[in-house]
Amino acid sequence: MGKSLSLRAMSLGDVDQVVELYAQVYSADYISFSELAAGLADAPGAISAEAMDIFQDDLIEILTESPAGNFVALSKGEIVGFVMASLEEAPAGHMECWINDMGVSPSYQGQSLGKQLVEAIVDWGKRNKVKYFLLESGFSNKKSHNFFEGLGFKPMATVFHLDARS
């Protein structure tokens, strides 16, 4: 990989750097249902002006209430990647793992860092006896789709949207 990297659990002390990295990678293509529901987007393709404040508040809440399943990748003490996941009990009674957010610094993309972050989540999920892993991705986020499909993830649904304000 060339650059010395380490992975560790995310902590509250990482919030500012993770938010800064999220701001670098968050784009209109990133937007999916979750971003609309959380207020990070006003509509498909339209980032909310409050997106970074909302992300920061949500991140602090997550790390305060249920910090497990959140990892950062560091190079020389700087966060250059992150991944956030959660466990959910499905109505059928089994556990599922949702990959909620992920970001890799543009200068570290293409060096298998994203793969290492997903592998950390997969290991964590398997230790927690999940049945499967899920994530959602914005319809136009083809780079992300190719990345996850390259790791063995398969698309399984399409979410349709109709804005009630129009």
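## A parallel pair to start with

Strands β6 and β7 run parallel to each other and are joined by four bridges. Here, two strands count as paired if DSSP finds at least two bridges between them. Helices (H or I, at least four residues) and strands (E, at least two) are DSSP runs, numbered from the N terminus. Within this pair, M95 has V130 in β7 as its bridge partner.

Before going further, a word on the model: it is predicted, so local features need pLDDT of at least 70 and side-chain atom pairs count only at pLDDT 80 or more, while totals for chains, interfaces and linings use all residues. Residues are numbered from 1 along each chain as its sequence is written, and side-chain values use heavy atoms, with hydrogens and water left out.

## The whole chain

The protein chain holds five helices and seven strands. Reading from the N terminus, the elements go β-α-α-β-β-α-β-β-β-α-β-α.

How big is it overall? The C-alpha atoms fill a box of roughly 50 × 40 × 30 Å along the principal axes. Of the 166 residues, 39% are buried, where buried means under 20% relative accessible area, exposed means over 50%, and partly exposed is in between (1.4 Å probe, protein chains only).

## The five-stranded sheet

Now for the sheet that β6 and β7 belong to. It is open, has five strands in the order β1-β4-β5-β6-β7, and its pairing is mixed. At the edges sit β1 (6-9) and β7 (130-134), each pairing on one side only. Neighbouring strands are turned by 25 degrees against each other on average, direction ignored; axes are lines fitted to C-alpha atoms, for helices over the stretch in contact, and angles run from 0 to 180 degrees between N-to-C directions.

At one end, β1 runs antiparallel to β4 (residues 70-75), with four bridges between them, and L7 stands opposite A73 in β4. Further along, β5 and β6 are antiparallel too, over nine bridges; V83 has M102 in β6 as its bridge partner. The hairpin of β5 and β6 has five residues between the strands, and G93 in this hairpin takes a positive phi near 100 degrees. Seven of the ten residues of β6 are buried, so β6 is largely enclosed by the rest of the structure.

## Helices against the sheet

Helix α3 (residues 51-65) lies across β4, β5 (78-89) and β6 (95-104), at about 65 degrees to β5.

Helix α4 (residues 113-127) has 15 residues and reaches 21 Å from its first C-alpha to its last, close to the 21 Å expected at 1.5 Å a residue. That expected span is 1.5 Å times one less than the number of residues. Among the buried residues of α4 are L117, I121 and W124. The buried residues of α4 pack against β1, β4, β5, β6, β7 and α5 (142-150), with contact meaning heavy atoms within 4.5 Å.

## Two lysines with positive phi

K76, in the loop between β4 and β5, has a positive phi near 55 degrees. K76 is exposed, with a relative accessible area of 86%.

K129 sits in the loop between α4 and β7. Although K129 is not a glycine, its phi is positive, about 60 degrees. K129 is exposed as well, at 69% relative accessible area.
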